[in-house]
Amino acid sequence: MIKPWYTRYLLSSIAIFIVLTMIWWTIPEEELLVVTEKWKGVCWVGSRSPLDGSELRALKSTGANALSQTPFGWQSDVNTPEIRWEVDAERQWWGESAKGIQTTHDSSQVLGIMNMLKPHLWVRGSWPGEIEMKNEDDWETWFDNYEQFILDYAKLAERLEIPMLCIGTELEKTSDRENDWRAIIAEVRKVYSGKLVYAANFTEYEKIKFWDDLDYIGIQAYFPLSKKHNPDLKELKAGWNKQLPAVEKMVRKFKKPVLFTEIGYCNTVDAAIEPWVWPNERKEIEFSESAQALCYEAFFESVWDKSWMAGVYFWKWYPNRHDREPDFTPQGKEAEKVMAKYFLAN
């Protein structure tokens, strides 16, 4: 029996469709978006007094080409809408004032170090992720206040020609208010011409709907990588492999590159269990430079070469090393050697 001519074309079309579908689903996720930049950054700690210049040269020697600067606004309670801030005040630490931010930017720019301005809210007795108003009037007031806060720093960033601005950090209980955030982004765009990012907590970034209005998907990447003390490199990399599919899903959805706006680990044996835990809560935990360094190694081996990865900012880097322990900083530790090895590699 001779089959009708059109069945041959139909079968061919089906075969082509199947092949194309298989090719689509076998494309590695990282090839769906390729960035040309690679920001090798640290979260710079504003100093009490002016810099002498050697501090930034020491950072540059690690291969770093980016840093974030963090001025603060203050909120007395997570449920009150009032926010206090002063862009330039005598009582501020020098490094967090407008003058200090400008000097740090200008001095680092000479060394080829790109700056991101990353204002934070400091909440008494809590953290920004708990900010939540109790009624709609307070929400309206809070967003009005926050808009003025971030606009002041957007204007500063524009005046100083700082090329990147973070519009918010870990404001997890506010970021579901999509329209309010889109309105803030629109106002910031009116006064600032650089790149914009929002620094979403690792528990928050998948829920955000306004990534399309920004230039990057920003993640505070304190993902738990292990459930035990002193995990080996294989286990840490397996921990990253559990997290990356969700990140890559967001890359596919929004077609935006990813910045790890913060990532860090304490020099303690439990560094990979809950990386976000503050050092003052780890005072009874055994120190371990090697555990911290392995966490750095796992990041670089698992994430750094992803083509959607636009950059990383390690928390945190002091202008002058201090001896407080434990701490997040890699300075003077095995972790600094790991960071420098990868930063200097290309």
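In the predicted model, Ile217 has its place in strand 8. With a relative accessible area of 0%, Ile217 falls under the 20% limit and is therefore buried. Leaving aside neighbours within four places in sequence, the contacts of Ile217 comprise Val197, Trp211, Met250, Val251, Phe254, Lys256, Pro257, Val258 and Leu259. The C-alpha atom of Ile217 is separated by 9.9 Å from that of Glu206, a residue 11 places apart from Ile217 along the chain.

Strand 8 also contains Gln220, which counts as buried because its relative accessibility is 0%. The side chain of Gln220 makes a polar contact, at 3.0 Å, with the side chain of Glu262. When residues up to four places away in sequence are not counted, Gln220 touches Lys118, Thr169, Glu170, Ala199, Ala200, Asn201, Phe202, Thr261 and Glu262, so that Glu262 is found both in this set of contacts and as the polar partner of the Gln220 side chain.

Strands of a sheet pair through backbone hydrogen bonds, in either a parallel or an antiparallel arrangement. Strand 8 pairs with strand 9 in the parallel sense over four bridges, and Gly218 has Leu259 of strand 9 as its bridge partner. Strand 9 is likewise paired in the parallel sense with strand 10, which spans residues 309-317, again over four bridges; here the bridge partner of Ile263 is Phe314 in strand 10. Because six of the six residues of strand 9 are buried, this strand is largely enclosed by the rest of the structure.

The loop between strand 8 and helix 6 includes Ser226, which is buried, since its relative accessible area of 7% lies under 20%. A polar contact of 2.8 Å joins the side chain of Ser226 to the side chain of Glu235.

Helix 6 is formed by residues 233-254, and its 22 residues reach 31 Å from the first C-alpha to the last, a span close to the 32 Å expected at 1.5 Å a residue. The helix bends by about 30° at Gln243, and a proline, Pro245, follows within four residues. An α-helix has 3.6 residues a turn, so residues three or four places apart point the same way. After helix 6 comes Lys255, whose phi is positive, near 55°.

Methods: Residues are numbered from 1 along each chain as its sequence is written. This is a predicted model: local features need pLDDT of at least 70, side-chain atom pairs count only at pLDDT 80 or more; totals for chains, interfaces and linings use all residues. Side-chain values use heavy atoms; hydrogens and water are left out. Helices (H or I, at least four residues) and strands (E, at least two) are DSSP runs, numbered from the N terminus. The expected span of a helix is 1.5 Å times one less than its number of residues. The bend at a residue is the angle between axes fitted to the seven residues ending there and the seven starting there. Buried means under 20% relative accessible area, exposed over 50%, partly exposed in between (1.4 Å probe, protein chains only). A polar contact is a pair of N or O atoms within 3.5 Å; within protein, one must be able to donate a hydrogen and the other to accept it, and residues adjacent in sequence count only if both atoms are side-chain atoms. Contact means heavy atoms within 4.5 Å. Two strands pair if DSSP finds at least two bridges between them.
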